[in-house]
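Please read the following explanation with the sequence and the three-dimensional structure in view. It leads through selected loops, helix contacts and nonpolar cores in turn.

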Amino acid sequence: MSVLVRPLMALRSPAGPRGRLVTLIFHRVLPRVDPLFPDEVDAGRFDAICGWLRDWFQVLPLGEAVQRLRDGSLPARAAAITFDDGYADNHEIALPILRRHRLPATFFIATDFLDGGRMFNDSIVEAVRGAHARALDLSDLGVDLPGPVALDAPAARRRVIERTIAAVKYLPPELRAERVAEVARRCAAALPDDLMMTRGQVRALHRAGMEIGAHTACHPILARLTPERARDEIVRGRRELEDILSAPVPLFAYPNGKPGEDYHAGTVEIVRELGFEAAVTTAWGAAAADTDPFQIPRFTPWDRSRLRFGWRLAGNYARPSRVQAASAVEAR
């Protein structure tokens, strides 16, 4: 049955003006399966996915793919691969696999976390992972959990992590940092300082032929910021990357990326006015000729079998893109 996936994709994404672009999104590629988050992509699984993508698609650098989408010259079964945030395993694990399969990718980097930094969600994950206490009570921090929660199994720790991240994600950045610091204090766990890339690793990705894109400086929810502060975050993140690479950075990814919730029409206009060539979201769907190049949808199925992964990707071609919803949202 999997032999039908490629012709189905060619039917739904022919060459030329009617072509459609599937853009896949990844964050981490772990060296091995994580017992706390067994569904996260690990090296073996990513290697298999890259093999499937090479067999089914014509994988292009995102910048080239968007340009060819605009001018109607996409090849059949066009796809692009992207990574968000800037994790060190993107360089250490994902890059060798991509090179072995001869696949290009684009890496969107939040610059404040380079060289030993840590994103707020990872601080929560690693704090709860390393907590030695039998139970943890975060209910007074607005976490939707009923008092002390036993940390006696990976599933229990995962539940605490997920509820805590949900409780702080949309707080103002300063308050979010305070809450995360309090969670870490209560867990009394040693937090890693090697989760994110160094500047040298970003340069190494670029030298290897991979695209580097901007992802703000501190990964805020842009829709929750004033226009001035949102612009500053976007400009600062790109400027730092251009200083690192000594090269222009023409692509952008909205942090978190949900249209109307994490960014809005005003954010899109800022990105457009700053001279970026394209920007990507986390709305599902495939981009067509009439898709706003500053709201390119992205999608990755997490099925483990080749057939189910392929059929879900093929179905993504036919998904009505909800990404344009952002254009109807008033800038705040």
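Helices (H or I, at least four residues) and strands (E, at least two) are DSSP runs, numbered from the N terminus. The model is a predicted one, in which local features need pLDDT of at least 70 and side-chain atom pairs count only at pLDDT 80 or more, whereas totals for chains, interfaces and linings use all residues. Residues are numbered from 1 along each chain as its sequence is written, and side-chain values use heavy atoms, with hydrogens and water left out.

Leu30 belongs to the loop that joins strand E1 (21–26) to H2. With a relative accessible area of 9%, Leu30 is buried; buried means under 20% relative accessible area, exposed over 50%, and partly exposed in between (1.4 Å probe, protein chains only). Leaving aside residues up to four places away in sequence, Leu30 touches Glu40, Val41, Asp42, Ala43, Asp89 and Ile93, where contact means heavy atoms within 4.5 Å. Gly16 is 14 residues from Leu30 in sequence, yet their C-alpha atoms are 37 Å apart.

Thr300 sits between strand E9 (278–280) and helix H11 (306–317). Its contacts, not counting residues up to four places away in sequence, are Leu24, Ile25 and Phe26. Between the C-alpha atoms of Thr300 and Leu69, which are 231 residues apart along the chain, the separation is 20 Å.

Most residues other than glycine have a negative phi. Asp115, although not a glycine, has a positive phi of about 60°. Asp115 lies in the loop between strand E4 (106–109) and H5, and it counts as partly exposed at 43% relative accessibility. Ser246, also not a glycine, has a positive phi near 55°. The loop that holds Ser246 runs between helix H9 (227–245) and strand E8 (251–253), and Ser246 is exposed, with a relative accessible area of 68%.

The helix contacts come next. Helix H1 (residues 5–12) packs against H11 at an angle of about 10°, with axes 9 Å apart. Axes are lines fitted to C-alpha atoms, for helices over the stretch in contact, and angles run from 0 to 180 degrees between N-to-C directions. H1 and H11 are therefore roughly parallel; angles under 35 degrees count as roughly parallel, over 145 as roughly antiparallel, 65 to 115 as roughly perpendicular and the rest as oblique. In this contact, Val5, Leu8, Met9 and Arg12 of H1 meet residues of H11 including Trp311, Leu313 and Tyr317.

Helix H5 (residues 120–129) and helix H6 (residues 154–168) pack at about 150°, their axes 10 Å apart. That angle makes H5 roughly antiparallel to H6. From H5, Phe120, Asn121, Ile124, Val125, Val128 and Arg129 take part, and they meet Arg157, Val160, Ile161, Thr164, Ile165 and Val168 of H6.

Finally, the nonpolar cores are sets of buried Ala, Val, Leu, Ile, Met, Phe, Trp, Tyr and Cys residues joined through side-chain atoms within 4.5 Å. In the largest, which has 61 residues, Phe46, Phe57, Phe83 and Leu98 touch the most other members. Helix H2 (residues 43–56) gives the most to this core, with seven residues. A second, separate core has 23 residues, among them Phe120, Val149, Val168 and Cys187.
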